[in-house]
Amino acid sequence: MADFEVDEKFSLKEVLITFQSCLSDNEEVLVDSYVAGWRVLVRFMNSLGTIFSFISKDAVNKMQIMVNHRNGENGDKYLTIQSMVQYELNNNLVDLKKRGDYSESGCRTILRLQRALLWLKLFLEKLRTSSEDDKTSIMCTEAYNDSLAQHHSWVIRKAATMAFYALPARATFFEVMNVGTQEQVVSMLEEAVPLISKVHEITENLYSQSNLLELP
Ligand SMILES: CCCCCCCC/C=C\CCCCCCCC(=O)N[C@@H](COP(=O)(O)O)[C@H](O)/C=C/CCCCCCCCCCCCC
């Protein structure tokens, strides 16, 4: 996989297609597509303004860590999240109790993105069921408070929630998703939310069974 560069046009359909390609026939999560899904989302966030750059910088950094693993000499072990967990645990390549030599392990990196995927799932569900006068900043903050906030410092929580106030209004948000009418956006969200939920659920179950949900 190439390093990242900012692409052009965003569309919610691209998010849907990319995350659809994440799941293999036997419900394994393909790392390349998982990372590609995040690249599409970060591209969208970058289009909303530089106020989100501290967020996209961290996301891109984590995506790049996964690209480096995939391009590394053991890249085949990182084909799926499942094979990655097995390989890194079997070879003691994960800091389980405190941060150490493996602060860029795939397990740790995917866990951080997994937590953000929960935020995304909650946020898209709120968008799907929202009405015209609902505020995107409130929906985003509520989704954040129910997901990522518990894992962030006070400073990050403050910076993130301030940034959310810069989000465009719902109508504009729906427009920049480049899907069509609001009804068409809602129906695409009806497809996207269960899909993203499935990817999140499979990864969450794997991490829970492997006792990886609290990696430092
Ligand atoms: C479908 C279209 C509508 C939705 C579009 C959403 C686009 C969002 C794109 C990317 C989401 C951001 C992913 C953030 C990953 C953050 C991972 C994380 O928690 N990092 C922290 C922990 O990492 P370590 O320090 O332990 O390595 C890191 O410390 C903090 C990083 C900076 C701030 C994180 C704030 C996260 C806010 C997530 C909501 C994004 C709102 C975007 C609004 C469009």
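Predicted model: local features only at pLDDT ≥ 70, side-chain atom pairs only at ≥ 80, totals over all residues.
After α9 comes Asn211, which has a positive phi, near 60°.

Helix α3, formed by residues 53-71, has 19 residues and reaches 26 Å from its first C-alpha to its last, close to the 27 Å expected at 1.5 Å a residue. Its buried residues include Ser56, Ala59, Lys62, Ile65, Met66, His69 and Arg70, and the buried residues of this helix pack against α2 (31-47), α4 (81-90) and α5 (106-129).

Ser56 belongs to helix α3 and, since its relative accessibility is 6%, it counts as buried, the cut-off being under 20%. Once its neighbours within four places in sequence are left aside, Ser56 is in contact with Val42, Met45 and Asn46.

Thr109, in turn, is located in helix α5, where its relative accessible area of 1% makes it buried. Not counting residues up to four places away in sequence, Thr109 touches Lys62, Ile65, Met66 and Glu104; Lys62, Ile65 and Met66 are among the buried residues of α3.

## Surroundings of the ligand

There are 23 residues around the ligand, and of these Asp58, Lys62, Arg108, Arg112 and His152 come nearest. A polar side-chain atom of His152 lies 2.7 Å from an oxygen atom of the ligand, while for Lys62 the corresponding distance from a polar side-chain atom to a ligand oxygen is 2.9 Å, and for Arg112 it is 3.1 Å. Taken on its own, the ligand has 980 Å² of accessible area, of which the protein covers 91%.

## Aromatic pairs

A search of the whole structure finds 6 aromatic pairs. In one of them, the ring centres of Tyr78 and Tyr87 are 5.7 Å apart and the planes stand at 75°, so the pair is edge-to-face; both Tyr78 and Tyr87 are buried.

Phe123 and Phe173 form an edge-to-face aromatic pair as well, with 5.7 Å from centre to centre and 85° between the planes. Because Phe123 lies in helix α5 and Phe173 in helix α8 (residues 170-176), this pair ties together parts that are 50 residues apart in sequence.

## Positive phi in two loops

Most residues other than glycine have a negative phi. Against that background, Glu27 has a positive phi, near 60°, although it is a residue other than glycine. Glu27 is found in the loop between α1 (12-20) and α2, and with a relative accessible area of 38% it is partly exposed.

Asn178, which is not a glycine either, has a positive phi of about 55°. Asn178 is placed in the loop between α8 and α9, and its relative accessible area of 35% makes it partly exposed.

Key:
Residues numbered from 1 in each chain as written. Heavy atoms only, no water. Helix = DSSP H or I, 4+ residues; strand = E, 2+ residues; numbered from the N terminus. Expected span 1.5 Å × (residues − 1). Buried < 20%, exposed > 50% of the residue type's maximum accessible area, 1.4 Å probe, protein only. Contact = heavy atoms within 4.5 Å. Near = heavy atom within 4 Å. Polar contact = N/O pair within 3.5 Å; in protein donor to acceptor, adjacent residues only side chain to side chain. Areas by Shrake-Rupley, 256 points an atom, 1.4 Å probe, with all protein chains shown as cover. Phe/Tyr/Trp six-rings, centres within 6.5 Å; stacked < 30°, edge-to-face > 60°.
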